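Trainee: Walk me through the pockets of this protein, please. Keep it quick.

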Amino acid sequence: MDAVALTDKGAMYGTIEFIQECRKAGIKPIIGQCAYLAIEKLTDKRARIDDKQHQLVLLAETEEGYKNLLKLTTIAHLEGFYYKPRIDKDILRTHAKGLIGLSAA
């Protein structure tokens with residue numbers, strides 16, 4: 001393989017070690033995240049609000065995209081956390097540059 005991706009669920013914990021190991025092996029690392037998408041606003045926190053779970057795979061296409069992934073992860077944990085770290089469509093629009101989005105089940 002010329003390239004391989006890592007997409008942690010709701011986080012980016014494995015990113016640094018993953019990049020280091022890929023570089024040692026001569027493989028291009030693709031950094032991503034399987035983000036939890038809040039149905040309404042990420043700040044909404046009430047019982048059963050996220051019963052139907054929506055996930056979105058986000059891949060960093062550029063360095064700016066990688067930085068946006070870091071921002072989204074931080075926001076998800078600090079502002080959107082309700083059982084899981086969540087983002088919403090408004091936050092995603094604000095930090096979408098340099099990202100590739102894929103639907104997930």
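Mentor: Terms come before values. On a 1 Å grid over the protein atoms alone, a pocket is an open set of points where a 1.4 Å probe fits, with protein on both sides within 12 Å along at least five of seven lines; lining residues have an atom within 4 Å of a point. Volume is the space filled by probe spheres set on the points, which are joined across faces, edges and corners. This is a predicted model: local features need pLDDT of at least 70, side-chain atom pairs 80 or more, while totals for chains, interfaces and linings use all residues. Residues are numbered from 1 along each chain, and side-chain values use heavy atoms, without hydrogens and water.

Trainee: How much space lies in the largest pocket?

Mentor: Its lining includes I19, R23, Y66 and I100. The space comes to about 280 Å³.

Trainee: Which element gives the most to that lining?

Mentor: Helices (H or I, at least four residues) and strands (E, at least two) are DSSP runs, numbered from the N terminus. α1 (15-25), β2 (28-37) and α2 (63-78) each supply at least two lining residues. With four residues, the top contributor is β2.

Trainee: How many residues of the lining of the second largest pocket are charged?

Mentor: That pocket holds about 210 Å³. Its lining has 16 residues, with D50, D51, Q53, Y82 and Y83 nearest the centre. Asp, Glu, Lys and Arg count as charged. The number of charged residues is seven.

Trainee: Is K24 buried or exposed?

Mentor: K24 sits in helix α1. Buried means under 20% relative accessible area, exposed over 50%, partly exposed in between (1.4 Å probe, protein chains only). At 65%, K24 is therefore exposed.
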